[in-house]
2 protein chains.
Amino acid sequence: MSKYVIGLDFGTNSCRALIADIKDGKEIAGNVFSYPSGYEGVVIDPSDPNLARQNPADYLEGIESSIKGALKDALKNAPGFNPLDVIGIGVDTTGSSPMPVDRHNTPLCFKDKFKKNPNAMVWLWKDHTSFKEAAWITDMAAKIRPHYLSKIGGTYSSEWFWSKILHCKNVDAAVFDEAYSFVEICDWIPSVLAGIKETDEIKRSVCAAGHKAMFNSGWNGLPDEEFLDTLSPGLSVLRNRLYDTAYTAEQKMGNLSPEWAKKLGLSGDTVIAVGAFDAHMGAVGAGVTEGALVKIIGTSTCDIMTSPAARELKDIPGVCGIVNGSVMNGYYGIEAGQSAVGDIFLWFINNLVPEKYGSTQAEKFRNLEEEASKLKPGESGLLALDWNNGNRTILVDVRLTGLLLGQTLHTQPHEIYRALIEATAFGALAIIDRIEEYGVKIKEVINCGGLAVKNPLMMQIYADIIGRPMIISKSEQTPALGAAIFAAIAAGAENGGYGSVLDAQKNMTGTGKTYLPAEGNNIVYKKIYSLYRQMHDAFGTEEWNGNMFNVMKELLSIRDEARRN
Amino acid sequence: MSKYVIGLDFGTNSCRALIADIKDGKEIAGNVFSYPSGYEGVVIDPSDPNLARQNPADYLEGIESSIKGALKDALKNAPGFNPLDVIGIGVDTTGSSPMPVDRHNTPLCFKDKFKKNPNAMVWLWKDHTSFKEAAWITDMAAKIRPHYLSKIGGTYSSEWFWSKILHCKNVDAAVFDEAYSFVEICDWIPSVLAGIKETDEIKRSVCAAGHKAMFNSGWNGLPDEEFLDTLSPGLSVLRNRLYDTAYTAEQKMGNLSPEWAKKLGLSGDTVIAVGAFDAHMGAVGAGVTEGALVKIIGTSTCDIMTSPAARELKDIPGVCGIVNGSVMNGYYGIEAGQSAVGDIFLWFINNLVPEKYGSTQAEKFRNLEEEASKLKPGESGLLALDWNNGNRTILVDVRLTGLLLGQTLHTQPHEIYRALIEATAFGALAIIDRIEEYGVKIKEVINCGGLAVKNPLMMQIYADIIGRPMIISKSEQTPALGAAIFAAIAAGAENGGYGSVLDAQKNMTGTGKTYLPAEGNNIVYKKIYSLYRQMHDAFGTEEWNGNMFNVMKELLSIRDEARRN
C-alpha cells in the first residue's frame with residue numbers, strides 16, 4: 001500500500017498543493033489557488049511602486065482550497081488512494097516575507113484596528129520600501145559588526161527581515177509596538193497547520209533565519225541587542241520574542257491539528273515539517289547535488305547550491321547567503337538570485353509588444369519566440385541590463401534600473417525580446433562566475449520553474465551564454481515536490497518516509513531534457529558578455545573607472561560580423 | 001499686378017512645389033509628389049541598413065507633377081493669377097546627396113548598363129555605407145591637412161560628398177570610372193531646369209561645397225590633388241571635373257529651358273536660382289537673424305545660424321560646418337543637426353506601442369501625447385540617448401546607437417515616448433551649448449518643420465529643457481518658402497524681386513506661436529541634462545573617464561522627488 005506526502009508551495013500570486021507518492025515521487029495530483037486579495041494576490045500602493053504586501057487570510061483559504069482540490073483529483077487519478085495514507089505535509093513559501101503577529105500567533109491584520117493597514121500584513125519578499133533601512137543596516141554592520149555581513153554576501157538587502165521590521169518601526173510605530181513578534185510565512189503556515197497558538201513555540205526555519213535575519217551559530221544566533229539598538233533604539237525588545245534556535249526542514253513542526261485534520265479530511269497523525277523557502281526546497285525537488293547549481297526560473301530566479309559542511313568554504317561577496325543546513329542537513333546552502341527574469345519578459349510583452357505579434361499574451365510570446373529564434377547571437381546589436389527590478393546578486397542593490405542600448409531605427413520587438421533573455425542569462429553567468437571565483441565549481445545547471453519548461457529558446461540561449469549543460473528537472477513543481485520530500489523525511493522512516501534528503505532524492509526526483517551549448521554561439525556571446533560586464537560594473541559598482549566609448553562600437557562590429565555570416 | 005515665385009523643395013520621401021506671392025510671402029498654392037521608387041522613395045538594401053539611395057528620375061517626374069499641381073491650385077485660389085507672372089524658381093534639396101553623371105549632365109543610372117545599380121543613383125544624405133571612408137578621410141586630413149577639418153567641426157562625416165565618392169570608388173570601380181563628375185542634387189535639379197547639358201557649366205552651390213566637400217576659398221577651393229590621391233590613388237582625376245568656383249543661392253543658374261517652359265506652362269524668362277540645401281533655405285524661410293537658431297524638425301533636424309562675415313568667428317568643433325555665404329551673402333552660415341528626431345518617435349510608435357494606445361499611428365501619437373503630457377519632468381525615472389541613427393552634432397559619429405535606461409517593471413510606453421522627446425531636446429541643447437561656448441550667443445530658437453507645428457508637448461518640453469523661447473515660424477513650408485525667396489532675389493529687383501535676403505525676409509516671412517520655459521521644469525531638467533551629458537560623453541567620447549554608478553541612483557531620486565510633489 002502506497003504512502004503519500006503533500007507539498008504546499010506558497011508563491012507570489014497563488015499557492016499549490018501537490019500530492020506525491022513517497023516510493024517514486026510520482027505526482028498524483030496538484031491544485032492551484034489564486035490569492036483573492038490585492039492585484040493578483042499582491043496588495044500594492046499606486047503611489048509607491050516599492051510596496052508589495054500580502055493578506056495572510058489568503059494562505060488559510062489557499063490551504064483548504066488547494067489541498068481539498070488535490071485530494072479530490074488524487075481519488076480520481078490514483079486507484080486505491082486514501083487521504084489517510086498522507087503521512088506528512090511540507091511547506092515552502094516566498095521569503096523573506098515576515099509578518100507581525102501577537103503573542104498567540106495571530107496576524108495583526110486579523111485584528112479590526114489593523115485590518116486595512118498594509119504594514120500589519122505580510123511584507124512580501126519583493127517589497128522594497130525599506131531600501132534606506134537596508135543601506136543603514138549594511139553601513140552599521142560594516143562599522144561595528146562586520147562579521148554579520150560575511151555570510152550574506154556583504155550587503156544587507158531591502159528584501160530581508162530586519163530591513164522590513166526596521167522600516168515598519170520607522171513608519172508605523174503603532175504596528176511595531178503592537179507586534180509581539182515577526183514571523184516568516186514559511187514558519188507561520190506550518191505552525192498554523194500544527195495548531196500552534198503560542199508564538200514562542202514556533203520552530204523557525206534555519207533557512208529563513210540564516211539567509212535573511214543574520215542568524216548564525218557562530219555569533220549566538222540573531223544579531224545582539226546592542227547592535228539592534230544601534231540600528232534603532234528599542235528595536236532590541238524584539239530579540240527575546242523571536243528565537244534562539246533554528247531548524248532544518250527535515251525536522252518536525254508538529255502534527256496536523258484536529259481542526260485542520262477535520263477540515264481537510266486528513267489524519268491527525270499527519271506530520272507537519274518545519275518550513276523553508278521555495279528556492280531551497282525547490283533545489284531539493286530538482287535533485288541538487290554537489291557541482292550542480294539549481295536555478296528556479298520564474299518571475300525572478302533563485303539559484304541554489306550546496307557544499308559539504310565538512311569542507312571549508314570562503315565567504316562569497318554578493319550572494320544572498322551561505323547557511324549551514326538551509327537546503328539540507330550537513331551541507332552549506334548557498335543562495336543567490338536575480339530580482340526579475342520572467343517579470344521583465346511579462347513587462348515587455350504587456351507594455352511594448354504591438355498586436356502584430358498576436359492578440360493575446362500567449363500568442364505574443366509564441367511569435368516573439370519564433371522570430372527571436374531566427375536571430376544569430378549579436379545580430380541585433382542590442383545589449384540590455386536585467387535590472388528592471390534591481391539586482392539581487394551579485395550587486396545586492398535595488399536602486400538600479402533596466403537599460404537597453406544598441407537600438408537603431410530598425411530595431412524590432414523580437415530583437416529586444418531576445419536581448420532581454422540574453423541579459424538575464426548574462427546576469428546568471430555573473431552569479432556563476434562569482435561563486436566559482438570563490439572556489440565552488442559549477443559543472444552544470446539544473447533548471448526548474450515555469451520558464452525552464454515553457455521557453456526552449458531561453459534555455460538554449462542560457463546554454464550558449466553560460467557555456468554549461470542546462471538540464472531541465474523532471475518535475476515541473478520542484479518547490480512543492482521539495483516540500484513533499486521534506487514531509488517524507490520529517491515523517492521519518494518509521495512511518496514509511498526517508499532518513500535523509502539524499503535518500504529521498506534518489507527515489508523521488510529526476511531530470512528531463514538537456515540543452516547543450518553550441519560552441520560557435522558561445523564564442524560570440526563571450527564577447528558580448530564582456531561588454532555586459534563592463535556595463536554591469538560601470539553602472540553597478542563605485543569602484544569601476546573607465547570609458548564607455550567602445551561599447552556601442554563593438555556591438556556594431558559584432559552585429560556586422562553576424563549579418564555577414 | 002502680383003508677381004510670384006516657386007520654391008521647389010526635394011525631401012527624403014517626396015518633393016513639394018510652393019507658389020508664393022512676392023509682395024507678402026503669401027503661399028497661394030502647394031503640391032506634393034511622393035517619389036515612386038524604392039521604399040517610400042528611398043532605394044534600400046535589406047542586407048545593409050546603411051544603404052539609402054534615390055532614383056533621379058523621381059525628381060524629374062516630381063518637378064512636373066508638383067509644379068503643374070500647384071499651378072492648377074493657384075489658378076483656383078488666387079483670382080487673376082497667371083503662370084506667366086512666375087518670375088523665378090528656387091530649389092532646395094537634401095544633402096549631401098551626390099550623384100555620378102557623365103560629361104553631358106546625364107545621371108549614370110539613366111544608362112542601360114547601370115540602370116539597376118544603386119551605386120549609379122543618388123547617394124542620399126542618410127546613406128551611411130561609407131562610414132569607414134569617413135574615418136579614413138578624417139584621419140588623413142588630421143595628419144596632413146588639418147586645416148581642411150577646421151571648418152567642418154573636426155570630423156568628416158559618412159553622410160558627406162567625399163566619403164560617398166570614395167566608397168563608390170572602393171566598391172564599384174565601373175561606376176567611378178564611368179563618372180565624369182559627381183553632382184549634388186541641389187546643383188543638378190536647377191541645372192536641369194536651366195537646360196544645362198554640359199556638366200562643367202553647372203553653377204555649384206557654396207552651401208553644399210563648403211559644408212560637405214571641404215571647399216574653402218582659404219585653400220583654393222576643393223581639397224588639393226595630392227591629398228585626394230593620398231585618400232585613394234587616382235581620386236584626384238575628379239578634381240578638374242568638379243568645380244573651382246561656388247555660388248550663393250542669390251545667384252542665377254540660368255533661365256528656364258524652352259522644353260521645361262513648355263512642359264510646365266511657364267515663361268522662358270523664368271529665372272532659375274542656384275540651389276542650396278533644404279535646411280539653409282529653410283532657415284531663410286523661417287526668418288533667421290543674428291542670435292536666433294533656426295531648427296528644422298522633421299525625421300532629423302538641421303540647426304542653422306548666421307554670424308556676420310565681417311566679425312571674427314572661431315572654428316567650432318563638432319558642428320557640420322561654417323561656410324561663408326551658405327545661408328546668405330555676407331554671413332557665415334553655421335550648420336549643425338541631429339541625425340534622428342521624428343524618426344525615433346516613428347520607430348517607437350511603429351514598433352513598440354501596443355494597440356491600447358489606438359489602432360492607427362495618428363491615434364497612438366495622440367494618446368501617447370495626452371498621457372505623456374500628464375507626467376512631470378523626471379517622474380518616469382527614464383533617460384534616453386537620441387542616437388538611434390548616430391550622432392551628427394556634436395559627436396559626428398554614425399557608429400553610435402540608441403540607449404534607454406531607468407525602466408522598471410512598471411514603465412509605460414507614454415513614459416518612454418516622453419523620454420525620447422526629452423532625449424532629442426537634450427541633444428538639441430548640447431548643440432546650443434557647444435555653439436555658445438565658441439562665442440555665438442543664442443537668445444531664441446525659431447522652429448519649423450512638421451513636428452514644430454504638430455507636437456505642442458514636444459515644443460513645451462524643448463522650451464523647458466533648452467531654457468529659451470521656442471518660436472514657431474509662420475510658414476509651415478519654410479524650405480520651400482526659402483527657395484521661393486531665393487528665386488525672388490535671383491530674379492532681381494529689376495524683375496519685381498528683391499535685392500537681398502534681409503529685404504525679402506522682411507516682407508515674406510513671419511513668426512507664429514511661442515513656447516516659454518516653465519522655470520520649475522527647467523530646474524529639474526538641468527539635473528537630468530547633467531546626467532544626459534555624462535552618458536553622452538561617456539559613450540560618445542574617448543576622452544571621458546569616470547564611473548556611471550550615480551546615474552541610475554540620481555534618476556531614481558529625481559523620480560521619487562517628482563512623485564512626492
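A:Ser158 sits in the loop of chain A that runs between helix 3 (146-150) and helix 4 (161-171). In this predicted model, A:Ser158 counts as buried because its relative accessibility is 3%, under the 20% cut-off for that class. The points below describe the surroundings of A:Ser158, a covered helix of chain A, chain A as a whole and the largest cavity.

**Helix 10 of chain A**
- Helix 10 of chain A spans residues 278-286 and is mostly covered, with nine of its nine residues buried.
- The buried residues are A:Asp278, A:Ala279, A:His280, A:Met281, A:Gly282, A:Ala283, A:Val284, A:Gly285 and A:Ala286.
- In an α-helix there are 3.6 residues a turn, so residues three or four places apart point the same way.
- Just after helix 10 of chain A comes A:Gly287, which takes a positive phi of about 90°.

**Chain A as a whole**
- Chain A contains 19 helices and 21 strands.
- A compact globule of 565 residues would have a radius of gyration near 24 Å, and the 23 Å of chain A therefore agrees with that description.
- Along the principal axes, the C-alpha atoms of chain A fill a box of roughly 70 × 60 × 50 Å.
- Of the 565 residues in chain A, 66% are buried.
- Among contacts in chain A with a separation of 6 or more, 73% join residues 24 or more positions apart.
- The accessible surface of chain A is about 19200 Å², and carbon and sulfur atoms account for 49% of that surface.

**Cavities**
- The structure holds nine cavities of 30 Å³ or more.
- The largest cavity is lined by 20 residues, and the closest to its centre are A:Leu404, A:Gln407, A:Ile416, B:Leu404 and B:Ile416.
- Helix 11 (342-352), strand 18 (402-407) and helix 13 (413-437) of chain A each supply at least two residues of this lining, as do helix 11 (342-352), strand 18 (402-407) and helix 13 (413-437) of chain B.
- Strand 18 of chain A gives the largest share of the lining, four residues.
- By class, the lining of the largest cavity consists of 15 nonpolar and five polar residues, with no charged residues.

Terms used: Residues are numbered from 1 along each chain as its sequence is written. Chains are lettered from A and ligands numbered from 1 in the order in which they are written. This is a predicted model: local features need pLDDT of at least 70, side-chain atom pairs count only at pLDDT 80 or more; totals for chains, interfaces and linings use all residues. Side-chain values use heavy atoms; hydrogens and water are left out. On a 1 Å grid over the protein atoms alone, a cavity is a set of points where a 1.4 Å probe fits but cannot get out, and a pocket is an open set with protein on both sides within 12 Å along at least five of seven lines; lining residues have an atom within 4 Å of a point. Grid points are joined across faces, edges and corners, and a volume is the space filled by probe spheres set on the points. Ala, Val, Leu, Ile, Met, Phe, Trp, Tyr, Cys and Pro count as nonpolar, Asp, Glu, Lys and Arg as charged, and the others, Gly among them, as polar. The radius of gyration is taken over C-alpha atoms; the globule rule is 2.2 Å times the number of residues to the power 0.38. Buried means under 20% relative accessible area, exposed over 50%, partly exposed in between (1.4 Å probe, protein chains only). Contact means heavy atoms within 4.5 Å. Accessible areas come from the Shrake-Rupley method with a 1.4 Å probe; for residues, only the protein chains shown count as cover.
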